[in-house]
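Hello,

Here is the structure I promised to hand over. Please have a look at it first, and then read on for what turned up.

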Amino acid sequence: MTSDDRVHRVRMVRDSLLREGPPWTRGPGDFETVTLPRHDCDLLRDLLIREGVRSVVEVGLAYGSSALAIAEALLTVGWPEPRHIVIDPFQEQAYAGVGWGALRSAGLDPVTTLLAEPSSSALPRLAGEGLTADAAFVDGSHRFHEVFVDLYFLRKIVRPGGLVVLDDDWAPSVRTAVRYYERNLGWTVIAGAFADGTVRRLGDDPAAETVPRCRALRMPDPPFEPPFEAFRPF
Ligand SMILES: C[S@@+](CC[C@H](N)C(=O)[O-])C[C@H]1O[C@@H](n2cnc3c(N)ncnc32)[C@H](O)[C@@H]1O
């Protein structure tokens with residue numbers, strides 16, 4: 001199978017997931033509520049292709065829309081031995097394995113590794129093993145402390161100058177966690193990456209402004225550790 005064939009197969013599975021939905025859902029409307037919308041998936045894919053990624057860590061598999069988009073990017077870039085590590089403790093028990101099933105039917109099992117455990121235990125282990133990645137996509141628990149910890153360890157895993165992309169930046173828990181890294185650790189927003197993506201009101205407050213649901217950030221290069229006295233409230 002040529003690399004074009006492999007990309008085509010992933011696209012076919014992505015199309016069919018969007019057209020027909022997954023073979024099983026947790027209930028009516030759950031797929032549409034939980035999964036990353038197609039246009040945001042396309043923007044994520046295109047961003048990763050522009051970055052020329054070879055390795056991506058993803059937190060939160062669910063129905064697999066974002067995972068398929070990331071895999072499409074990895075295969076399109078075309079490095080030998082691309083690597084996609086996906087972390088989700090609830091893929092079997094909460095999602096009946098449908099996200100992993102979609103990845104398998106797209107022929108991605110040689111590229112993608114599923115770690116069925118919380119990101120708060122998988123990421124420190126991966127960091128301890130010396131894993132490095134070009135980018136990460138975070139769409140896991142959404143609790144402030146868990147997002148904060150994900151970003152803490154991804155800072156050790158994603159290479160200097162690499163990317164961290166988060167979904168649900170409209171949620172105060174996610175937005176507040178990432179703001180620490182922006183204000184204190186030199187992560188910079190990639191303006192425009194999701195400018196025409198899906199928007200949502202901050203905190204789902206009808207009176208609040210709308211913001212893009214995804215936020216893309218670049219890690220500083222070279223990395224640095226600020227002195228504790230330089231702490232900026234966030
Ligand atoms: C919003 S869904 C992800 C949607 C997915 N990006 C898609 O496009 O279909 C959130 C996922 O995070 C997973 N999750 C929840 N807590 C987690 C944790 N502590 N570590 C990793 N994944 C977690 C859930 O099982 C769920 O699959």
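**Around Gln91**

Setting aside neighbours within four places in sequence, Gln91 is in contact with Leu61, Gly97, Gly99, Trp100, Leu114 and Ala116. Before going further, please keep in mind that this is a predicted model. Gln91 belongs to helix H5, which covers residues 91-95. Is Gln91 buried or exposed? Gln91 is buried, because 22 other C-beta atoms lie within 10 Å and 20 or more are enough to count as buried.

**Two pairs of packed helices**

Two packed helices are described by the angle between their axes and the distance between the axes, so both values are given for each pair below.

Let's take H1 and H4. Helix H1 (residues 3-20) packs with helix H4 (residues 65-77) at an angle of about 165 degrees, and their axes are 9 Å apart. H1 is therefore roughly antiparallel to H4, since angles over 145 degrees count that way. The crossing in which H1 passes H4 is left-handed.

Now for H8 and H9. Helix H8 (residues 144-157) and helix H9 (residues 172-185) have axes 8 Å apart and pack at an angle of about 35 degrees. Here H8 passes H9 in a right-handed crossing. On the H8 side the contact is made by Phe144, Val147, Phe148, Leu151 and Arg155, and on the H9 side by Ser173, Val174, Thr176, Ala177, Val178, Tyr180, Tyr181 and Leu185. The contact of H8 with H9 divides into 10 nonpolar, 2 polar and 1 charged residues.

In soluble globular proteins, nonpolar side chains tend to be buried together. The largest nonpolar core in this model has 67 residues, and those touching the most other members are Leu44, Val56, Leu68, Ile70, Ala71, Ala136 and Val164. Which helix gives this core its largest share? That is H4, with 8 residues.

Apart from neighbours within four places in sequence, Val164 is in contact with Ala136, Val138, Leu151, Leu154, Val158, Leu217 and Met219.

Definitions and conventions
Residues are numbered from 1 along each chain as its sequence is written. This is a predicted model: local features need pLDDT of at least 70, side-chain atom pairs count only at pLDDT 80 or more; totals for chains, interfaces and linings use all residues. Axes are lines fitted to C-alpha atoms, for helices over the stretch in contact, and angles run from 0 to 180 degrees between N-to-C directions. Helices (H or I, at least four residues) and strands (E, at least two) are DSSP runs, numbered from the N terminus. Angles under 35 degrees count as roughly parallel, over 145 as roughly antiparallel, 65 to 115 as roughly perpendicular and the rest as oblique. A crossing is left-handed if the near helix is turned anticlockwise from the far one by less than a right angle, and right-handed if clockwise. A nonpolar core is a set of buried Ala, Val, Leu, Ile, Met, Phe, Trp, Tyr and Cys residues joined through C-beta atoms within 7 Å. A residue is buried if 20 or more other C-beta atoms lie within 10 Å of its own, exposed if 12 or fewer, and partly exposed in between; C-beta atoms are placed from the backbone. Two residues are in contact if their C-beta atoms, placed from the backbone, lie within 7 Å. Ala, Val, Leu, Ile, Met, Phe, Trp, Tyr, Cys and Pro count as nonpolar, Asp, Glu, Lys and Arg as charged, and the others, Gly among them, as polar.
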